[in-house]
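Welcome, and thanks for taking a look. Here is a short briefing to read alongside the structure below.

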Amino acid sequence: MNKDVDIERHEVQEKSDSSMVWSTFIKYAAYLIIFFGVLYLVIYYLLPLV
């Protein structure tokens, strides 16, 4: 029993888009800054009023 099998090889290389990485980093950094800004507002201005 002789089988001739053609095997195709495909090499896939993932390319990293550095601009996407930086834009995502800036987006989440902005979320953190806003979060800590609101937290600061609550702790130092709203909490003493209660």
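This is a predicted model: local features need pLDDT of at least 70, side-chain atom pairs count only at pLDDT 80 or more; totals for chains, interfaces and linings use all residues.

The protein contains one helix and zero strands, and 0% of its 50 residues count as buried.

**Overall form**

- The radius of gyration of the protein is 27 Å, whereas a compact globule of 50 residues would have a value near 10 Å.
- Along its principal axes, the C-alpha trace spans about 90 × 25 × 5 Å.
- Tyr45 and His10 are 35 residues apart along the chain, and 61 Å separates their C-alpha atoms.
- For Ile34 and Glu11, 23 residues apart along the chain, the C-alpha atoms are separated by 43 Å.

**The annotated span**

- An unreviewed UniProt entry carries the annotation "transmembrane region" for residues 28–47.
- In the model, residues 28–47 are 95% helix and 0% strand.
- The end C-alpha atoms of that span lie 27 Å apart.

**Surface and charge**

- The protein has 4 positive and 6 negative side chains.
- The centres of the positive and negative sets lie 7 Å apart.
- Ile34 also has its place in helix H1. Is Ile34 buried or exposed? Ile34 counts as exposed because its relative accessible area is 55%, and the cut-off for exposed is over 50%.
- Tyr45 is exposed too, because its relative accessible area of 51% is over the 50% cut-off.

**Aromatic pairs**

- How many aromatic pairs are there? The count comes to five.
- One of them joins Tyr28 and Tyr31, with 5.6 Å from centre to centre and 75 degrees between the planes, an edge-to-face arrangement.
- Tyr28 and Tyr31 are three residues apart in helix H1, so about one helical turn separates them.
- Tyr28 has a relative accessibility of 48%, so it counts as partly exposed. Tyr31 is likewise partly exposed, with a relative accessible area of 49%.
- Phe35 and Phe36 form an aromatic pair that is edge-to-face, with 5.3 Å between the centres and 65 degrees between the planes.
- Phe35 is partly exposed at 48% relative accessibility, and Phe36 is partly exposed with a relative accessible area of 49%.
- Which residues do ring pairs link into a cluster? They are Tyr40, Tyr44 and Tyr45.

**Putting it together**

- Next, visit the edge-to-face pair of Tyr28 and Tyr31, the edge-to-face pair of Phe35 and Phe36, and the cluster of Tyr40, Tyr44 and Tyr45.
- While you are there, recall that 0% of the residues of the protein count as buried.

How values were computed
Residues are numbered from 1 along each chain as its sequence is written. Side-chain values use heavy atoms; hydrogens and water are left out. UniProt positions are given in the numbering used here, feature names are shortened, and annotations may be inferred rather than shown by experiment. Helices (H or I, at least four residues) and strands (E, at least two) are DSSP runs, numbered from the N terminus. Buried means under 20% relative accessible area, exposed over 50%, partly exposed in between (1.4 Å probe, protein chains only). The radius of gyration is taken over C-alpha atoms; the globule rule is 2.2 Å times the number of residues to the power 0.38. Lys and Arg count as positive and Asp and Glu as negative; His and the chain ends are not counted. The place of a charge is taken as NZ of Lys, CZ of Arg, CG of Asp or CD of Glu. Rings of Phe, Tyr and Trp (its six-membered ring) pair if their centres lie within 6.5 Å; planes under 30 degrees apart count as stacked, over 60 as edge-to-face and the rest as tilted.
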